[in-house]
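Keep the 3D view open as you read.

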Amino acid sequence: MQNKKSEKKERKMQKTFIKNDNSFVCVNCGKEVPPLGYSSRNHCPFCLCSLHVDINPGDRASDCGGMLVPKQVLPDAKKGYIIVHKCTKCGSIRRNKSAKDDDTMLLIKLTNPDNGWK
Ligand SMILES: [Zn+2]
Ligand SMILES: [Zn+2]
């Protein structure tokens with residue numbers, strides 16, 4: 001399987017932060033997620049799962065492609081909630097700000113690490 005050329009068309013790098021706010025279908029819960037509007041959406045508001053596709057937010061520069069699952073949510077006085085994601089494929093930990101339409105009950109539930117994905 002060396003035929004990777006046709007999969008990805010050559011993309012030119014632009015700025016470090018690329019607004020990449022498109023609707024997508026969540027790989028975990030299968031719900032359609034609409035664009036966020038004010039920033040790049042990087043996780044599903046229903047189950048908080050995400051995909052390991054970025055190195056810098058929105059750049060889609062990581063070729064890992066593993067699923068990022070929420071391990072814990074940290075309340076932050078200034079930023080609201082910080083979601084700690086762990087990649088199921090490569091094991092890397094990422095922190096993401098929650099979005100305004102994230103499931104608040106789920107965020108609160110995950111402030112207890114015992115409720116996070118194992
Ligand atoms: Zn989801
Ligand atoms: Zn990964």
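In what order do the four strands form an open sheet? The order is S3-S4-S5-S6, and the pairing is antiparallel. Keep in mind that this is a predicted model.

**The sheet as a whole**
- Strands of a sheet pair through backbone hydrogen bonds, and the pairing can be parallel or antiparallel.
- In this open sheet of four strands, the pairing is antiparallel.
- S3 and S6 stand at the edges with a single partner strand each, so one side of each has no neighbour in the sheet.

**S3 with S4**
- Strand S3 covers residues 50–51, and strand S4 covers residues 67–76.
- Two bridges link S3 and S4 in the antiparallel sense.
- Look for Ser50: its bridge partner in S4 is Leu68.

**S4 with S5**
- S4 and S5 pair over eight bridges, again in the antiparallel sense.
- Across this pairing, Val69 stands opposite Lys86 in S5.
- How many residues lie between S4 and S5 in their hairpin? There are three residues between them.

**S5 with S6**
- Strand S5 runs over residues 80–87, and strand S6 over residues 93–97.
- Five bridges join S5 and S6 in the antiparallel sense.

Methods
Residues are numbered from 1 along each chain as its sequence is written. Chains are lettered from A and ligands numbered from 1 in the order in which they are written. This is a predicted model: local features need pLDDT of at least 70, side-chain atom pairs count only at pLDDT 80 or more; totals for chains, interfaces and linings use all residues. Two strands pair if DSSP finds at least two bridges between them.
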